[in-house]
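Subject: A structure for you to look through

Hi,

Here is the structure I promised to pass on to you. Please open it next to this email, and then read on for what I found in it.

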Amino acid sequence: MNKKVMIGIVIIFAAVLFIVLKIVIPNKTGSKELELTYKTNGGVPYKWEYKIEDESIVEFVKTKDITSEEDKKLTGGPVYINYIFKGLKKGKTTITFKYVNITNGSIEKENKIAVKVDKYKNISLIVIP
């Protein structure tokens with residue numbers, strides 16, 4: 001086979017491989033939803049509240065109770081709730097969670113989560129060193 005034809009085939013193969021690795025696979029394997037789990041205890045006057053800094057980038061989808069059946073039977077037992085978010089457009093934003101006393105409004109804990117959304121609307125945490 002002609003050397004120029006072989007080089008052409010290799011270049012085309014490399015271009016196709018690049019497209020698959022950089023565009024197709026990340027779009028299909030990225031996470032369209034981000035689940036953040038927070039714990040409280042049953043019967044306490046506290047609840048987790050969240051605020052999204054830029055709601056044009058990320059939106060809240062739903063909560064999901066993931067407490068085990070054994071823990072649900074315990075009075076004052078641990079309660080685990082997943083907060084599920086999805087990306088709307090490319091960018092970075094912060095989701096702030098506050099553990100609020102529902103009787104007087106005081107804040108017991110606060111947790112800021114930095115997230116990013118890629119061009120395929122995959123959402124992930126930003127690791128801050």
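This is a predicted model: local features need pLDDT of at least 70, side-chain atom pairs count only at pLDDT 80 or more; totals for chains, interfaces and linings use all residues.

Let me start with a term you will meet again and again: a residue counts as buried when its relative accessible area is under 20%, as exposed when the value is over 50%, and as partly exposed in between.

**The chain as a whole**

The chain has two helices and seven strands. Read from the N terminus, the elements follow the order α-β-β-β-α-β-β-β-β. There are 129 residues in the chain, and 26% of them count as buried. The accessible surface comes to about 9,100 Å², with 59% of that belonging to carbon and sulfur atoms. If you take the contacts between residues at least 6 apart in sequence, 65% of them join residues at least 24 apart.

**Salt bridges**

Side chains of opposite charge can pair when their charged atoms come close. How many salt bridges does a search of the whole structure find? The search finds three.

Lys86 forms a salt bridge with Glu59, and their closest N and O atoms are 3.4 Å apart. This pair links distant parts of the chain, with Glu59 in strand E3 and Lys86 in strand E4, 27 residues apart. Glu59 has a relative accessibility of 30%, so Glu59 counts as partly exposed too.

Another salt bridge joins Glu35 and Lys64, where the closest N and O atoms are 3.7 Å apart. Here again distant parts of the chain are linked: Glu35 sits in strand E1 (residues 33-41) and Lys64 in strand E3 (residues 58-65), 29 residues apart. Glu35 is partly exposed at 38% relative accessibility, and Lys64 is partly exposed at 35%.

Glu49 and Lys47 also meet through their side chains in a salt bridge, at 3.4 Å from N to O. Glu49 is partly exposed, with a relative accessibility of 35%. Lys47 is partly exposed as well, with a relative accessible area of 41%.

**Aromatic rings**

Now for the rings. A pair of aromatic rings is described by the distance of the centres and the angle of the planes. The structure holds 12 aromatic pairs. One of them is formed by Tyr46 and Tyr99, which are stacked: the centres are 5.1 Å apart and the planes are at 15 degrees to each other. This pair also links distant parts of the chain, as Tyr46 lies in strand E2 (residues 46-52) and Tyr99 in strand E5 (residues 91-101), 53 residues apart.

Tyr99 has a relative accessible area of 8%, so Tyr99 is buried.

Compare that with the pair of Tyr50 and Tyr83. Their ring centres are 6.2 Å apart and their planes stand at 65 degrees, so this pair is edge-to-face. Tyr50 lies in strand E2 and Tyr83 in strand E4 (residues 78-87), so the pair ties together parts of the chain that are 33 residues apart in sequence. Tyr50 counts as partly exposed, at 31% relative accessibility, whereas Tyr83 counts as buried, at 6%.

Ring pairs link Tyr38, Tyr46, Trp48, Tyr50, Phe60, Tyr83, Phe85, Phe97 and Tyr99 into a cluster.

**A look at Asn101**

Finally, please find Asn101, which lies in strand E5. At 8% relative accessibility, Asn101 counts as buried. What does the side chain of Asn101 make a polar contact with? Its partner is the side chain of Thr103, at 2.4 Å. The side chain of Asn101 also reaches the backbone nitrogen of Asn104, at 3.4 Å. Leaving aside residues up to four places away in sequence, Asn101 touches Pro45, Tyr46 and Ser106.

Enjoy exploring, and write back with any questions.

Best wishes

Technical notes
Residues are numbered from 1 along each chain as its sequence is written. Side-chain values use heavy atoms; hydrogens and water are left out. Rings of Phe, Tyr and Trp (its six-membered ring) pair if their centres lie within 6.5 Å; planes under 30 degrees apart count as stacked, over 60 as edge-to-face and the rest as tilted. Helices (H or I, at least four residues) and strands (E, at least two) are DSSP runs, numbered from the N terminus. Buried means under 20% relative accessible area, exposed over 50%, partly exposed in between (1.4 Å probe, protein chains only). Contact means heavy atoms within 4.5 Å. Accessible areas come from the Shrake-Rupley method with a 1.4 Å probe; for residues, only the protein chains shown count as cover. A polar contact is a pair of N or O atoms within 3.5 Å; within protein, one must be able to donate a hydrogen and the other to accept it, and residues adjacent in sequence count only if both atoms are side-chain atoms. A salt bridge is a side-chain nitrogen of Lys or Arg within 4 Å of a carboxyl oxygen of Asp or Glu.
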